[in-house]
Amino acid sequence: MSDLENPKSAVLFDRAKAVMPGGNTRTTVYRQPHQVYAARGEGCRIIDVDGNVRIDANGNFTSLIHGYGHPGIMQAAARQLELGTCYGMATESEILLSEMLCDRLPSVERLRYTNSGTEAVMNAIKAARAFTERPKIAKCEGAYHGTYDAAETSQDPNPANWGEAEEPQSVPTAKGTPRGVLDDVVVIPFNNVEASEKILRVNGNSLAGVLVDVMPNRAGLVPASAAFLTMLRQVTRDLGAVLILDEVITFRLGFNGAQGRFGVNPDLTTLGKVIGGGFPVGAIGGKADVMSVFDPSKGAPALPHGGTFSANPMSMMAGVAALADLLPEEFERLDRLGARFDSQIKECFAMNGAEAQVTGLGSLRRVHLTSAPLTDYRSTVAAADGAKHVAALARALFDEGVIIGGNGLMTFSTAMVEADIDEIVETFDRALKRLGH
């Protein structure tokens with residue numbers, strides 16, 4: 001495959017440039033010389049408008065844990081479509097999905113829905129502030145939590161602006177971010193227990209909450225250490241701050257999410273992606289006392305929250321169907337597929353003389369073309385040349401028939417079988433040879 005084999009996509013991109021900035025509405029799917037347009041999905045594969053078939057090891061950025069055409073989700077969506085896509089009323093569907101999520105996540109006693117992970121994190125931050133009546137939020141350097149001003153602070157700092165390793169600076173991601181936003185975001189170094197605890201305690205009197213992802217993709221998909229997570233839980237309790245666990249991506253790590261796998265007991269949890277069965281969704285869940293800031297039953301709530309499409313029955317019922325088939329044995333099978341990939345890709349790297357490694361757990365992986373130790377965001381950035389090579393590898397894989405994230409992010413779906421993993425590794429081999437490894 002090559003870009004020359006996508007003439008219909010090239011025509012579509014010319015049309016797109018006339019009505020969208022750069023012909024694009026999602027920076028994450030932009031590619032040159034033009035975007036390639038999907039026509040349909042089948043199982044773990046995407047067929048583009050020119051008829052090219054590619055294995056999807058991206059899953060719409062981890063949201064499609066069942067791939068495409070899952071019978072239960074399709075049936076649930078079709079039934080709900082006949083009844084109505086949304087109403088200005090509550091529906092039983094939001095109760096059904098909430099019951100399933102509360103059952104799986106012992107830390108979650110109450111839930112509330114949004115339409116994306118970004119919105120979920122935004123409202124979790126606002127909930128922590130409303131509950132504590134404090135302004136500041138702490139987050140780990142390099143971690144992605146959506147596009148809300150506070151959440152995206154220090155999402156992608158660089159050596160020129162990130163400050164000292166044990167005292168990171170609050171760095172804006174978008175130009176024009178108000179200084180006041182940056183002043184209310186406390187940045188801590190991921191997996192550095194001593195330095196992070198010191199920073200948190202210094203800001204204790206004004207700290208509303210700590211936002212953490214136990215395996216942040218943009219920071220390398222490196223798991224948090226047990227000591228780091230234990231410290232965050234203890235310090236937030238000591239300070240009366242809210243511990244917010246971002247599970248928008250990592251909920252797919254197990255039946256009880258990442259918090260079950262890592263043994264974390266947060267006050268608030270944010271969810272999205274896989275809980276919507278392929279439809280737009282987000283959720284904030286947590287302890288009943290913290291979630292009470294949303295409660296309108298006794299008058300104006302401390303944190304008013306609505307949303308025209310929040311808890312729409314299409315997303316809710318698709319989510320119910322998706323979770324119904326996400327049982328422990330399916331997570332075990334996804335773990336086995338991940339282990340098969342790990343074993344074979346190491347051999348592939350060795351045969352091609354590539355200095356490389358893979359991070360991640362369960363159905364999530366990230367490929368790094370470096371042999372340097374990776375522990376946090378800065379260690380990932382230090383391998384800058386490796387990151388450039390990964391982007392080139394992702395483009396070569398796309399042309400050879402496998403889709404991964406431009407930063408090397410990969411995800412496996414229940415639509416995959418062992419033969420699909422084998423084909424992915426074979427495609428890696430071709431792509432590496434194409435790049436001269």
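**Close-up views of strand pairing and salt bridges**

**View 1. Asp399, a buried residue of a predicted model.** Asp399 has a relative accessible area of 8% and is buried. The model shown here and in the following views is predicted. Asp399 forms a salt bridge with Arg434, with 3.1 Å between the closest N and O atoms. Asp399 belongs to helix H15 (residues 384–400) and Arg434 to helix H16 (residues 418–434), so this pair ties together parts that lie 35 residues apart in sequence. Arg434 is partly exposed, at 43% relative accessibility.

**View 2. Salt bridge between Arg430 and Glu400.** The closest N and O atoms of Arg430 and Glu400 are 3.1 Å apart. Arg430 is in helix H16 and Glu400 in helix H15, so the contact ties together parts separated by 30 residues in sequence. Both residues are partly exposed: Arg430 has a relative accessible area of 37%, and Glu400 has one of 23%.

**View 3. Salt-bridge network that includes Arg31.** Arg31 is linked with Asp399, Glu400, Arg430 and Arg434 in a network of salt bridges. The structure as a whole holds 21 salt bridges.

View 4. The side chains of Glu197 and Arg201 meet in a salt bridge, at 2.9 Å from N to O. The two residues are four apart in helix H8 (residues 193–202), which means that about one helical turn separates them. Glu197 is partly exposed at 26% relative accessibility, and Arg201 is partly exposed at 35%.

**View 5. Open sheet of strands S13, S14 and S16.** Three strands make up this open sheet, in the order S13-S14-S16, with antiparallel pairing. Strands S13 (357–359) and S16 (409–411) stand at the edges; each has a single partner strand, so one side of each is left without a neighbour in the sheet. On average, neighbouring strands of the sheet are turned by 30° against each other, direction ignored. Three bridges pair S13 with strand S14 (residues 364–368) in the antiparallel sense. Gln357 stands opposite His368 of S14.

**View 6. Hairpin of strands S1 and S2.** Strand S1 (residues 38–42) and strand S2 (residues 45–48) run antiparallel and are joined by four bridges. Glu42 has Arg45 in S2 as its bridge partner. Two residues lie between the strands of this hairpin, and Gly43 in the turn has a positive phi of about 65°. In general, strands of a sheet pair through backbone hydrogen bonds, either parallel or antiparallel.

Notes:
Residues numbered from 1 in each chain as written. Predicted model: local features only at pLDDT ≥ 70, side-chain atom pairs only at ≥ 80, totals over all residues. Heavy atoms only, no water. Pairing = 2+ DSSP bridges. Axes fitted to C-alpha atoms, helices over the stretch in contact; angles between N-to-C directions. Salt bridge = Lys/Arg side-chain N within 4 Å of Asp/Glu carboxyl O. Buried < 20%, exposed > 50% of the residue type's maximum accessible area, 1.4 Å probe, protein only.
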